[in-house]
Amino acid sequence: MAQVLGRIADAHESASFTPSVAWLPMTSPASETRTLHGWGRTAPTVATVITPRTPEEVAAAVKAAGRRGIIARGLGRSYGDPAQNAGGTVLDMTGLARIHSIDADSGVVDLDAGVSLDTLMRQALPFGLWVPVLPGTRQVTIGGAIGADIHGKAHHVVGSFGNHVEAMTLVLADGSIRELTPEGPDAELFWATVGGMGLTGVIVRARLKLHHVETAYFKVDTEQIDNLAELMERQTRDDEKYAESVSWFDAVTTGEHFGRGLLTRANHATLADLTPKQRKNPLKFDAPQLLTVPDVFPPGMLNRVTGRLFSELWYRKSPTKLGAIQNITQFLHPLDIAGEWNRGYGPHGFLQYQFVVPPERGDVIRTVLERMTEAGQVSALNVLKRFGEGNRAPLSFPKPGWTLCVDIPIGPGLNELCEELDRIVLDAGGRHYLAKESRTTPEAIRRGYPRLEEWRAVRTAVDPAGVFASDLARRLELI
Amino acid sequence: MIDAVGNPQSILLLGGTSEIGLAAVEAFASDRPMRVVLAARPSQRLADAKARLEAKGCAVETVDFDAKALDTHTAIVDKAFAEGDVDVAIVAFGLLGDNEEAWTDTAKAVELAQVNYTAAVSVGVALGDRLKQQGHGSLVALSSVAGERARRSNFVYGSTKAGLDAFYTGLTEALRPFGVTVTVVRPGFVHTKMTEGLKPAPLSTTPEAVAEVIVHAVRTKQELVWAPAPLRFVMSALRHVPRPVFRRLPL
């Protein structure tokens, strides 16, 4: 039997799944009216925000939801509007933030949905456990990670977040609480919830299977590659040799160096790879946040001049170097070093355009970049990755092929450009990532997600009255 | 919902045959088709507008709306919201009237005040209530530079627009905590059926140009705009011109 090593104090644990006992003193959770927006700081709306502390409080809030419905919100890292609900109720899930147990032998963690990946990593690393799917930020809750079925640089090897969930506890529209497993009697509901953007119910707790690692460091190969074609060719050729792989490229430079970039790929470092000093504390969580960006930037900070400068510096900072040992921030989350970095885009906000196209349609990447350059749009953070196999979830974003992600500040001409990019992406058999999406049409989602109706049927069966609702769901007519 | 780049999915036009209002709806629809509710008295012009918008791919519904029938306003607004959220509501109905008639004939003066002010307040209250519950949305009211300073040639109309302007300016503040943006639009002289035969004032404009100002204001959440934009500075100066000089100006 597995030995449970790490157990974070949890007074509620044994009672968590049983209904509240009437004679216990009950205080109702905090509730306030707040303006909410996503990480892109666009399209704010107002909702009543409730911060529940227990699954029972979640169930009570769900049962009390009004005509405008209810939706769960984590740390607000989705770029658009999936975690807002204009005129309705929003559950701030960060109040449910206990790690109930960590089993160092099996790697299974039992935790609340409001725990962030950052907290989970900090707690799990001392046991030699690694969260297999990490997106570009650690400031994501477990509930959000499942709801958006997030992916990371390791997708080509480990798939997306839903693949590592052994069980989850869902509060349904009628206030009942159900445990779901990927292969159990409610498997359909499990997979509709993975990538379901919170619209099937509120995830309150989950059991995740983590990976074992010897160290918290990466052995990184960074390669400067001077054009897009080669950058893509290299990823196709030997990505399988690496546990993690991603490329950044410069979308500003034109001509023969168009799409020059950095290919960074890594494997987890073993003890033998570390320096004697690092070896003293190989599982050290080395991820500092050095500053918080103040909210003082005017619009237009990212323009052709600063975009070119940033691209040049980013390219130059990392000459080709094989086998370098890097810590978590250096390799995985360079942006997490600055808190609230989205403020740098100024008051009008920005959008992130992310799509995936099938492997044989790599040409779309180039077309999209050319259209962007022609339209005079500047994107400094351009991330390109080759996805591996997708999973069973009907609304899960990743599928085999190329995914490109660009950040663009909100400004004139952006609407027209994005509509054109939508057509190019959809005609190539691609689709958009709902966690990033903030402006497309219901039609684009219908085309990109052919299994939408299948998902809708599962959702309607458990939420016939449409209790779970969000701005995203209304905007894209998901419900 | 209004998306990240400012595209609405539904729009309600009160004064469904207003040229400026329709130009604004058409400008939004050209960027992306949407659900449109046109509230106006039935007429050929209304039917034509419906057909034009449908040709652009919009789902158009018409509602019988009479600005003077104050007790019907709440029900009409409720009906527009019953089919789903209203992302943008435009209050565009109004009468210009003949100033000489209006300031000498009680019935004419009261009619102008009722349509331009009382009815605008009445729908404003109903819209405010629904938008507040919705937690998002944009409300556009067509005011006029005529309301900024009363002129001898146009003061009855100007007084009604001054009232409307003050009401919606206040509503801007009242609805802001509920996630609703109210935009007061102050056009100058606009070439429309309403102003046909009148001598255009300087900086005169067209319904399409005003529509562009409205679309931009909604997309960027501006709360007070002039059409054309330079009128802002012209009016700012005119408001401070001494009366003896002001009355001699050819306005």
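Predicted model: local features only at pLDDT ≥ 70, side-chain atom pairs only at ≥ 80, totals over all residues.
1. Chain A, its two domains. Chain A is divided into domain 1, which covers residues 95-213, and domain 2, which covers residues 218-439. The C-alpha centres of domain 1 of chain A and domain 2 of chain A are 24 Å apart, and the contact between them draws on 29 residues of domain 1 and 27 residues of domain 2.

2. The side of domain 1 that touches domain 2 in chain A. Helix H2 (117-124), helix H4 (155-158) and helix H5 (187-193) of chain A are the elements that give two or more residues to this side, and the largest share, three residues, comes from H4(A). Sorted by class, the residues on this side of domain 1 are 13 nonpolar, 12 polar and four charged.

3. Where chain A meets chain B. The contact between the chains takes 22 residues from chain A and 15 residues from chain B. On the side of chain A, at least two residues each are supplied by strand E2 (45-51), helix H11 (414-427) and helix H14 (471-475). This side of chain A holds eight nonpolar, nine polar and five charged residues.

4. Chain B as a whole. Chain B contains nine helices and seven strands. Its radius of gyration is 17 Å, close to the 18 Å that the globule rule gives for 251 residues, so chain B is as compact as a globular protein of that length. Along the principal axes, the C-alpha atoms of chain B fill a box of roughly 55 × 35 × 35 Å, and buried residues make up 48% of the 251 residues in the chain. If one takes the contacts in chain B between residues at least 6 apart in sequence, 69% of them join residues at least 24 apart.

5. A pair of helices in chain B. Two packed helices are described by the angle between their axes and the distance between the axes. For helix H5 (residues 106-134) and helix H6 (residues 155-175) of chain B, the axes come within 9 Å and cross at roughly 10°; since angles under 35 degrees count as roughly parallel, H5(B) and H6(B) are therefore roughly parallel to each other. The residues that make this contact include B:Ala109, B:Leu112 and B:Tyr117 of H5(B), and B:Val156, B:Leu164 and B:Phe167 of H6(B). The residues of the contact of H5(B) with H6(B) divide into 14 nonpolar, five polar and two charged.

How values were computed
Residues numbered from 1 in each chain as written. Chains lettered and ligands numbered in written order. Domains from an automatic or database assignment. Contact = placed C-beta atoms within 7 Å. Helix = DSSP H or I, 4+ residues; strand = E, 2+ residues; numbered from the N terminus. Nonpolar A, V, L, I, M, F, W, Y, C, P; charged D, E, K, R; others polar. Axes fitted to C-alpha atoms, helices over the stretch in contact; angles between N-to-C directions. Parallel < 35°, antiparallel > 145°, perpendicular 65-115°, else oblique. Rg over C-alpha atoms; globule rule 2.2 N^0.38 Å. Buried ≥ 20, exposed ≤ 12 C-beta atoms within 10 Å, placed from the backbone.
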